[in-house]
Amino acid sequence: MIIVSACLAGVECRYNGQEFSIPKIIEMVKKGQAISLCPEILGKLPTPRLSAEQYDGRIFSSDGQDLTNQYLAGAKVALNIARLVGCKKAILKSKSPTCGCGKIYDGTFSGKLINGDGIFCKFLKEENIEVYTENEIR
Ligand code: SF4
């Protein structure tokens, strides 16, 4: 089974209350080839919410609150779901502090990217699950 970031499947769960639909990913979910989830919603974070970025291994909102525990809690629930459905591949939203793969924002809220993975992406990679972003399948 393939896991996809819910915002890529049209769910309005991004920090700004919007989605980031990719038609091909919506089709995969409709055909039962993939299931969508949002680790941040699973972590009981509200929508909309302040944007957040990783800094020094922790996750902070743009007003400086350390929200690492909530983000970690959601990523762990999402990982359990991935295990439950026998996930082998995932397509996750690029650049997110949770779902980002390979590149994430640097924690200064200035738009600068650095090498790194979102926390959910990191958990999946640790389980040898292949992770892609929407950019690789578009
Ligand atoms: S946590 Fe992932 S699925 Fe949820 S809004 Fe952010 S990028 Fe999309």
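**Exercise 1.** Where does the ligand sit?

*Solution.* The model is a predicted one. In this model, the ligand is placed in the largest pocket. That pocket has a volume of about 410 Å³. It is lined by 25 residues, and those closest to its centre are R14, Y15, E40, S96 and P97.

**Exercise 2.** Determine which residues come nearest to the ligand, and describe the shell by class.

**Exercise 3.** Describe the lining of the largest pocket by class and by contributing elements.

*Solution.* Step 1: the lining comprises 14 nonpolar, five polar and six charged residues. Step 2: helix α2 (39-42) and strand β3 (52-55) each supply at least two residues of this lining.

**Exercise 4.** Which strands does β5 join, and in what direction do they run?

*Solution.* Step 1: strand β5 (residues 89-92) is joined to strand β1 (residues 2-5) by three bridges, and the two run parallel. Within this pair, I3 stands opposite A90. Step 2: four bridges join β5 to strand β8 (residues 130-133), and this pair also runs parallel. Here, L92 has T133 in β8 as its bridge partner. Step 3: β5 is therefore paired with both β1 and β8, as two strands pair if at least two bridges are found between them.

Note on methods. Residues are numbered from 1 along each chain as its sequence is written. This is a predicted model: local features need pLDDT of at least 70, side-chain atom pairs count only at pLDDT 80 or more; totals for chains, interfaces and linings use all residues. Side-chain values use heavy atoms; hydrogens and water are left out. On a 1 Å grid over the protein atoms alone, a cavity is a set of points where a 1.4 Å probe fits but cannot get out, and a pocket is an open set with protein on both sides within 12 Å along at least five of seven lines; lining residues have an atom within 4 Å of a point. A molecule sits in a cavity or pocket if more than half of its atoms lie within 2 Å of its grid points. Grid points are joined across faces, edges and corners, and a volume is the space filled by probe spheres set on the points. Ala, Val, Leu, Ile, Met, Phe, Trp, Tyr, Cys and Pro count as nonpolar, Asp, Glu, Lys and Arg as charged, and the others, Gly among them, as polar.
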